[in-house]
Amino acid sequence: MKKTASANIIISDFPDPDVIRVDDVYYMVSTTMHFMPGCVILRSYNLVDWEFAAYVYEKLEMTNGQLLMDNRGIYGKGMWAASLNYHDEKFYVSFVANDTHKTYLFTSEKIEGPWERSEIKGFYHDMSLFWDDDGRVFVVHGNTDIHLTELESDLTGPKKGGVDKVIIQDDREKVNLGYEGSHLYKINGRYYNFMIHMPKGKMRTEGCYVADNIEGPWTGGDVLCSDLGNWNSGVAQGGIVQDKEGNWFGILFQDHGALGRIPVLVPVVFGEDEFPKFEVVPELSVLDNNPGYKYAPLWSNDFTNPAWQWNHIPDARGYTLQNNLYTIQTKKVVKNITQAANTYTQRTLTEKCAGSVVIDASQIGEGDFAGLAALEGEYGFIAVTKRDGKYYLVAAEHKTKNEPWAMGVFDKDPPTIIAEIPLKSPKLELKLIFDLTRAKQQVELLYREKPGKGEYQTLSTPVKLRYTLDQFVGVRFALFCYSTKQAGGKAEFTDFNYSFW
């Protein structure tokens, strides 16, 4: 057995989980928004420890937005809330992308791929793909009004003459957020659809509706309203899964401020009335299908490790990648880091983590910025810049002018420089130290002019961080180089070092 003292299984930004078990192995898919490669799948043998298994695609669509050619990108959009299935010895991943307004379907005989891509005609928000025992296939989807749509057997689109109806409706007058995030199951002959919503005056709450017939009638209500992590944010959508001994568990997510949306594990019990109950317990005990297995960490110092993703589709003309060397050469002029191509990112992991990197910025151009960022909607960075032929080290921050829950906005302003010093050499070591506890939510910006030698120096006061929906992601380490005057500048990054404190 595997025991864990907390419901938080991964203290990192892996939102919208859907989870399945295939024999001894659990697989979990998570939203990756605008990051590439995208649609990450994790693997576990015990539901507590996880490692990278695959990305479903390297690139999704070669649009101006996904390529960042329009200097707006697809922040807050991209792929959302995938449905993960295993049916007739084949894996299925399906999701919508909110920039292309398409529904994508990827299939593979192996979780590692290769994945074959197709499309399902229509657009199905927070979809749950479902095969019934009679071979009919459906998708449950929607917000506030939850729809059941029958698909053609080849999954190309809605079935002509098939079921297409609203099966569950939330009360718009009583909620700030209506039902969404459907996860449909058939258990012991009955149909269960798990969703989340936010009743007025309450946190986000997990609900479940049950039916004896897939077309209804559906009845149900709330099954979990709990502040699991003392963040006053309740829980949000996710799936349930059964272990080999018949026990059920839910993997949902919870908002943890700038750190992002964190997967949580909660036992699920079906009572005598066959209605599920989520149990909040101080300690979990789960079956371990592979005791002693060594999991690869969800962080890495190796630039070729799957822990790293690009911000949008990278421009192959402007980077080189090796295990200990990442080089960026700019190909366009921009105003800020969010418009810059080839920014290379890695999630923050735990509330107290740090990362350092050695940068050689000797080949940047006039007006260029190259460095290490704490990247999300409201970001901070430490970087080398060049002005009047001289090199300077700067600390910068960006605060959004929009409300934190505003979507569909983009950053078009230059960052604000909050500290600056002249440099003797453009080759030095930069470091970020995150304190993402609820009380702090900040990052420290540090440096040392001789890489690997001496004490780190603080460049500015800590930069405050905040989760906002313009990017809709947790804060990340980001290596970047961008030009504000003339393209062609170049920066080299080596010796990344991830640490915890």
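This is a predicted model: local features need pLDDT of at least 70, side-chain atom pairs count only at pLDDT 80 or more; totals for chains, interfaces and linings use all residues.
Visitor: Which residue does Asp171 meet in a salt bridge?
Guide: Side chains of opposite charge can pair when their charged atoms come close. Here the N to O distance is 3.9 Å, and a salt bridge needs the two atoms within 4 Å. The partner of Asp171 is Lys174.

Visitor: Is Lys174 buried or exposed?
Guide: Exposed means over 50% relative accessible area. Lys174 has 57% relative accessibility, so Lys174 counts as exposed.

Visitor: How many residues apart in sequence are the parts that Glu274 and Arg190 tie together?
Guide: These two side chains form a salt bridge at 3.4 Å, N to O. Glu274 sits in the loop between strand 21 and strand 22, while Arg190 belongs to strand 16. The pair therefore links parts of the chain whose separation in sequence is 84 residues.

Visitor: Where does Lys186 lie, the partner of Asp133?
Guide: The closest N and O atoms of Asp133 and Lys186 are 3.0 Å apart, which makes a salt bridge. Asp133 is in the loop between strand 11 and strand 12, so the pair ties together parts 53 residues apart in sequence. Lys186 itself lies in strand 15.

Visitor: How many salt bridges does a search of the whole structure find?
Guide: Let's start with the charges: the chain has 52 positive and 66 negative side chains. Some bridges share partners, and these join Glu61, Lys102, Arg117 and Glu119 into one network. Over the whole structure, the search gives 23.

Terms used
Residues are numbered from 1 along each chain as its sequence is written. Side-chain values use heavy atoms; hydrogens and water are left out. Lys and Arg count as positive and Asp and Glu as negative; His and the chain ends are not counted. The place of a charge is taken as NZ of Lys, CZ of Arg, CG of Asp or CD of Glu. Helices (H or I, at least four residues) and strands (E, at least two) are DSSP runs, numbered from the N terminus. Buried means under 20% relative accessible area, exposed over 50%, partly exposed in between (1.4 Å probe, protein chains only).
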